Amino acid sequence: RDNPSWHGRKVLVTAGPTRETIDPVRFFTNRSSGKMGYAIAEEAAARGANVTLVSGPTSLSVPHGVNLISVESAEEMYQTVTACAKDNEMIIKCAAVADYRPKNTFNQKIKKKDGEWEIEMERTQDILKELGANRQPRQTLVGFAAESHDMEVYAKKKMESKNVDMIVANSITSPGSGFQGDTNEVTLFKRNGEVDDVPMTTKVEAAKRILDAAMSIHMERLK
Ligand code: C5P
């Protein structure tokens, strides 16, 4: 797996869900297991890259040779990622960052009462969009998209609006693809218009394909 074109390159990978606190015992999260991002981080490290993995809460162990920074909320991930973005020549944003968080969080557990409880939600910051807006000239950015419908339309829009070089789209509706499992079926949409289908395979194998595509984009940029 050792691969000279990756040697010593600083790569930042984000993975997992985020956790948005309501009170000391309750939070909002999503179904991301972190497996796809961890597989990417592990493979990039095995190829010889210097990998930092910023991860939300998962049950996975730290991949060999990877520098793990654990975070919880979207805000923490934003602070961590934006602080170290400049140092990395490739950033792969696999994390399923929460789009909304409770407007108010409580230091004490909210007691149950009769009737309804409304929780007001506010938007979190879009980390990838921020990275795209501040992209370094020799930096390659890869985003992910989990869509249930009109995948191609949304993936291409996302690539433009977030100023990223490639979007890895996974259909969350096809069986054996997307959240939780060990397999994935993805389509790679590249800025130059190329579209690559990666048929259903293990997340480890998908990680290899994603990294190959990301490196060829990066090499073009560095020419
Ligand atoms: O817009 P959408 O959430 O579908 O875009 C997904 C991509 O954007 C992923 O790469 C994800 O990591 C990133 N993202 C982010 N910050 C957010 C929401 C999504 O970096 N607040």
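**The ligand shell and its surroundings**

Strand 9 supplies the largest share of the shell around the ligand, with three residues. Helices and strands here are DSSP runs numbered from the N terminus, with helices being H or I runs of at least four residues and strands being E runs of at least two. The model is predicted, so local features need pLDDT of at least 70 and side-chain atom pairs count only at pLDDT 80 or more, while totals for chains, interfaces and linings use all residues. Residue numbers start from 1 along each chain as its sequence is written.

In total, 14 residues surround the ligand, and the closest are Lys 93, Val 97, Ile 127, Leu 128 and Gly 143. By class, the shell holds seven nonpolar, three polar and four charged residues. Here Ala, Val, Leu, Ile, Met, Phe, Trp, Tyr, Cys and Pro are nonpolar, Asp, Glu, Lys and Arg are charged, and the others, Gly among them, are polar.

A UniProt record, an unreviewed entry, places the feature "binding site" at Asp 99, Lys 109, Phe 144, Lys 158 and Lys 162. These positions span 64 residues in sequence, and their farthest two C-alpha atoms are 38.1 Å apart, so they do not all gather at one spot. The UniProt positions follow the numbering used here, feature names are shortened, and annotations may be inferred rather than shown by experiment.

Lys 158 sits in helix 4 and is buried, with 20 other C-beta atoms within 10 Å. A residue is buried if 20 or more other C-beta atoms, placed from the backbone, lie within 10 Å of its own, exposed if 12 or fewer do, and partly exposed in between. Setting aside neighbours within four places in sequence, Lys 158 is in contact with Gly 143, Ala 145 and Ile 167, contact being C-beta atoms, placed from the backbone, within 7 Å. Lys 162 belongs to the loop between helix 4 and strand 10, and counts as buried because it has 21 C-beta neighbours inside 10 Å. With the neighbours within four places again left aside, Lys 162 is in contact with Leu 128, Lys 129, Gly 132 and Gly 143.

Most residues other than glycine have a negative phi. Asp 150 counts as exposed because it has 9 C-beta neighbours inside 10 Å. Asn 163, in the loop between helix 4 and strand 10 (166–171), has a positive phi of about 55°. With 16 C-beta neighbours inside 10 Å, Asn 163 counts as partly exposed.

Elsewhere, helix 1 is mostly covered, as twelve of its twelve residues are buried. What covers them includes strand 1 (10–15), strand 4 (50–55), strand 6 (90–93), strand 11 (183–190) and helix 5 (203–222). Gly 48, with a positive phi near 115°, follows helix 1.

Finally, the whole chain has five helices and twelve strands. Of its 223 residues, 39% count as buried. Along its principal axes, the C-alpha trace spans about 65 × 35 × 30 Å.

How values were computed
Near = placed C-beta within 6 Å. Contact = placed C-beta atoms within 7 Å.
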